Amino acid sequence: MNYLTVENISKSYGELTLFQDISFSVHKDQKIAFVAKNGTGKTSILRIISGEDTPDSGLVTYRKDITVSFLSQDPKFNPALTVEETIFASDNDILKVIGNYEKALENPEDSDAYQKAFEQMEIHQAWDFETQYKQILFKLKLDNLNQKVSTLSGGQKKRLALANALINKPDLLILDEPTNHLDLEMIEWLEAFFAKENITLFMVTHDRYFLERVCNEIIELDEGQLYSYKGNYSYYLEKREARIEQFETETGKAKQLFKKELDWMRRQPKARTTKSKSRIDDFKDIKHRAHQRRKDHVVQLELNMERLGSKILEFHKVSKAFKDKIILDKFDYTFQKSERVGIIGKNGTGKTSFLNILTQTAQPDAGKVVLGETVKFGYYTQNGINIKPEQKVIDVIREFGDFIPLKKGRQISAQQLLERFLFSRKKQYDFVEKLSGGERKRLYLCTVLIQNPNFLILDEPTNDLDIVTLNVLESFLMDFPGCIIVVSHDRYFMDKVVDHLLVFKGDGVIEDFPGNYTDYRIYEDSLPAESAATEDKKDKKSWKQNEASKLSFNEEKELKNIESKLNSLAFDKKEMEAKFNNPDLTQDEINALSLKLQDIIDTIESKEERWFELSSKLED
């Protein structure tokens, strides 16, 4: 059953053409993700199909009598209403029945009104619906139903908009970055909700695990053309790579044919036969195919990192609370060189407060934070770039100088640097306020890295960045020699970048887990139900209960990290050994592989030696 048909839509802003003659359709039970690079019009397409904007040309047609809900990145509400009043303000008939019933409860003396409201609840089977919508609000941490919208944060408003969309149970749900402003627990709940509910989805999201587990089709806008992949994210990656390889092969063949036909054209006399005229017409098509180019430019990240000394950052008995809410409780921690820490926890457990204390933009109530003299922070915050009126993209970078130092004494102009971040010379003279959300985040990332930090703090860095840019950022961070702290709800990003986690459990309890997010979820799922419910009270993970151990805190952390690293190295060794099975390897390739394998074996032996040394202390 066809729910939505988009026919030949186009959209331009002045001389900039976002897309042209785009056509696709959405059918019942499809869960489609729309994928494209930043600045190519993803949000514009969502706004057009949701009716918030109109195309320059083309048609958008919905099936009659279907309900549609749209989750935008910037939802608008009446600030005078409460959370519950906002929910009841929608056009959902069952919600109106529930609203009338709750009003009748407030006036029990009007028995006729109560009886009528009760009967309507029975007729519409609204009892279960009331339970369901309150569960959705609870899962999205909106359990204070009487809170005014005017007092909600931006993230809470986005979650309220998501709750509104889910509660209405539309036939078609259109979502723009639904996982932004959700913590990891909420995202996993939303994945399960979509798996259970028969809702047709069309969404834009950068969350690759969410794509993998929710979507059954991906539509990609690439080089102005639409490509459809009937599968999840893994299937899309595989088929996309095959498509690009085929494109390169066909372009290569066209180039060879073009050279042959060009030579023929040059040798032909002026008098042409009918057959040769047909060949000349074909030549034009061959020339076009031979000169096709993919614009597969990627962000180029490079740092002239300041030297990092032996003392980096130390927390000594640090405490912090807001009234009765404890964030840190005598927290001790010493950061080591090249440490990669992921920070996770429910909203409101103090992750951002911790970062503010770490960067000394906020002060602890007790204890002290000691910062090494050589540490230079690069702090990528959720707030993003500070947009000044009528400021152009190039002006943002020139505030740091016309020329930016790179590695080995090299330097680069502000214009060249912006080109590395995919801002063309023409785009550099656009006003910052005209950039898309993803382009602003890319520009902001540029301003953070341009200052050559040796300690990166990334607070939700993946929001609004396209998948191509995320892949480049991940590769850059994996090779970054300094310290990294990442706060993110993007599980795929966390898994690739971090070595261990600080898990904020609430009430000042922070757990150090030796592994990435997927490892942590496996560990959590393996706990017995009663153990999981009381694990905060157990001595193996709490900061407050390390005194009894025969190892120092740093040695305990090192032992856990070594165990995690040894598992990873064993996998690398097995993978490297498998490469020797290739019969086509040259002697030089075999020698290179042998050196890499020996490096892995040496590292394993070194790690095992240290592991035995630390383990022996536990046995003493």
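## Burial and overall make-up

Of the 620 residues in the protein chain, 46% are buried, where buried means under 20% relative accessible area, exposed over 50%, and partly exposed in between (1.4 Å probe, protein chains only). This is a predicted model, in which local features need pLDDT of at least 70 and side-chain atom pairs count only at pLDDT 80 or more, while totals for chains, interfaces and linings use all residues. Residues are numbered from 1 along each chain as its sequence is written, and side-chain values use heavy atoms, with hydrogens and water left out.

The protein chain has 20 helices and 20 strands; helices (H or I, at least four residues) and strands (E, at least two) are DSSP runs numbered from the N terminus. Among contacts (heavy atoms within 4.5 Å) in the protein chain between residues at least 6 apart in sequence, 67% join residues at least 24 apart.

Because 12 of the 14 residues are buried, helix 6 is largely enclosed by the rest of the structure. Among the buried residues are Gly 155, Lys 158, Arg 159 and Ile 167. Their cover includes strand 5 (68-71), helix 2 (83-88), helix 3 (93-106), helix 5 (126-139), strand 6 (172-176) and helix 7 (184-196). Lys 169, which follows helix 6, has a positive phi near 45°.

Ser 72 lies in the loop between strand 5 and helix 2. Ser 72 counts as buried because its relative accessibility is 13%. Leaving aside residues up to four places away in sequence, Ser 72 touches Lys 158 and Asp 176. The C-alpha atoms of Ser 72 and Arg 47 are separated by 8.1 Å, with the two residues 25 apart along the chain.

An open sheet of 6 strands has the order 14-17-18-12-19-20 and mixed pairing; two strands pair if DSSP finds at least two bridges between them. Strand 14 (377-380) and strand 20 (509-513) stand at the edges with a single partner strand each, so one side of each has no neighbour in the sheet. From one strand to the next, the twist averages 15°.

Strand 14 pairs with strand 17 (residues 455-459) in the parallel sense over 4 bridges, and Tyr 379 has Ile 457 in strand 17 as its bridge partner. Helix 11 (residues 351-358) packs on the sheet, touching strand 12 (340-345), strand 14, strand 17, strand 18 (483-487) and strand 19 (500-506). The direction of helix 11 makes about 140° with that of strand 12. Axes are lines fitted to C-alpha atoms, for helices over the stretch in contact, and angles run from 0 to 180 degrees between N-to-C directions.

## A hairpin

Strand 10 (residues 313-322) and strand 11 (residues 325-335) run antiparallel and are joined by 7 bridges. They form a hairpin with 2 residues between them, and Lys 323 in the turn has a positive phi of about 60°. Ala 321 stands opposite Ile 326 in strand 11.
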